[in-house]
Amino acid sequence: MNLTISGHHLELTPAIREYVVNKLERIIRHFDHVIDIAVILGVEKPSEKDKRQRAEVNLRLRGNVIHVESFAQDLYAAIDTLIDKLDRQVLKYKTKIQDHQHETIKRMPDISATA
């Protein structure tokens, strides 16, 4: 698994980098078929008074890409909500994959009934 953490208009400190890595361990624990993770952290300035912290992630899986983004006043809060959203998406994808793997068994005709 490749992990890329980048910052836009923001200096990435080792503390922020470690915080993101620790939070992403929860995602890897739930679903370990992750190919690539790209995290982008940044500061958006829609107006002079308003500064919003932005966190987004692109999670590449086999045959699928999950994109999630989050905005908050604090960067750590944005990362927390981002990980919560990503966790829900990954669990949803995991159950979808598990349901489709067993679908062929469900649709097979009953052999004992035809014989």
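Reader: What makes Tyr19 count as partly exposed?
Author: Tyr19 has 23% relative accessibility. Buried means under 20% relative accessible area, exposed means over 50%, and partly exposed is in between (1.4 Å probe, protein chains only). So Tyr19 counts as partly exposed. Bear in mind that this is a predicted model, where local features need pLDDT of at least 70, side-chain atom pairs count only at pLDDT 80 or more, and totals for chains, interfaces and linings use all residues. Residues are numbered from 1 along each chain as its sequence is written, and side-chain values use heavy atoms, with hydrogens and water left out.

Reader: Why is the pair of Tyr19 and Tyr76 called edge-to-face?
Author: Rings of Phe, Tyr and Trp (its six-membered ring) pair if their centres lie within 6.5 Å; planes under 30 degrees apart are stacked, over 60 edge-to-face, the rest tilted. Here the centres are 4.8 Å apart and the planes sit at 85°, so the pair is edge-to-face.

Reader: And what about Phe31 and Tyr93, why are they edge-to-face?
Author: Their ring centres are 5.8 Å apart and their planes are at 90°, so that pair is edge-to-face.

Reader: How do you know whether Phe31 is buried or exposed?
Author: Phe31 comes out at 8% relative accessibility, so it counts as buried.

Reader: What makes His9 exposed?
Author: His9 has a relative accessible area of 74%, so it is exposed. Its phi is near 60°, a positive value in a residue other than glycine.
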